[in-house]
Amino acid sequence: MIIVSQDKEKIVNFDNLTQLYITQDEEETAYFIRFETVYSLYDDLGEYETEERAKEVLQEITTRHENWENMKVGQPSGICLPVYEMPED
């Protein structure tokens, strides 16, 4: 599955990630969904005002990936698209 960043400037292959997680900026004014690759490189995919919204988006990614994997083995459910575009806040 492919994830397109919120600013539409990054495309990330989910299969190459070791982590996808929520982090907060130093000023504690925003929450970011960040990825880390197998090479320990990391970058942000999206920015959200609240931790709750960031958690919702992370759950959407998890569900979309699960649906995509199920579709590949012939057991489709929910939205089974191979691309997830990070939503705005």
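Let's start in the loop between strands S1 and S2 (11–13), where Lys-10 is found. This is a predicted model, and here it places a lysine in an interesting setting. Is Lys-10 buried or exposed? Its relative accessible area is 18%, under the 20% cut-off, so Lys-10 counts as buried. Setting aside neighbours within four places in sequence, Lys-10 is in contact with Ile-3, Val-4 and Ser-5, and also with Asp-43 and Asp-44. As for its side chain, a polar atom there lies 3.3 Å from the backbone oxygen of Asp-44.

S5 pairs with S4 (31–37) in the antiparallel sense, over 6 bridges. Within this pairing, Ile-33 has Gly-46 of S5 as its bridge partner. The hairpin of the two strands has 4 residues between them, and Ser-40 takes a positive phi there, near 65 degrees.

Next comes helix H1, covering residues 51–72. From first C-alpha to last, its 22 residues reach 32 Å, close to the 32 Å expected at 1.5 Å a residue. Which residues of H1 are buried? They are Arg-53, Ala-54, Val-57, Leu-58, Ile-61, Arg-64, His-65, Asn-67 and Trp-68. An α-helix has 3.6 residues a turn, so residues three or four places apart point the same way. After the helix comes Gly-74, which has a positive phi near 85 degrees.

Conventions: Residues are numbered from 1 along each chain as its sequence is written. This is a predicted model: local features need pLDDT of at least 70, side-chain atom pairs count only at pLDDT 80 or more; totals for chains, interfaces and linings use all residues. Side-chain values use heavy atoms; hydrogens and water are left out. The expected span of a helix is 1.5 Å times one less than its number of residues. Buried means under 20% relative accessible area, exposed over 50%, partly exposed in between (1.4 Å probe, protein chains only). A polar contact is a pair of N or O atoms within 3.5 Å; within protein, one must be able to donate a hydrogen and the other to accept it, and residues adjacent in sequence count only if both atoms are side-chain atoms. Contact means heavy atoms within 4.5 Å. Two strands pair if DSSP finds at least two bridges between them.
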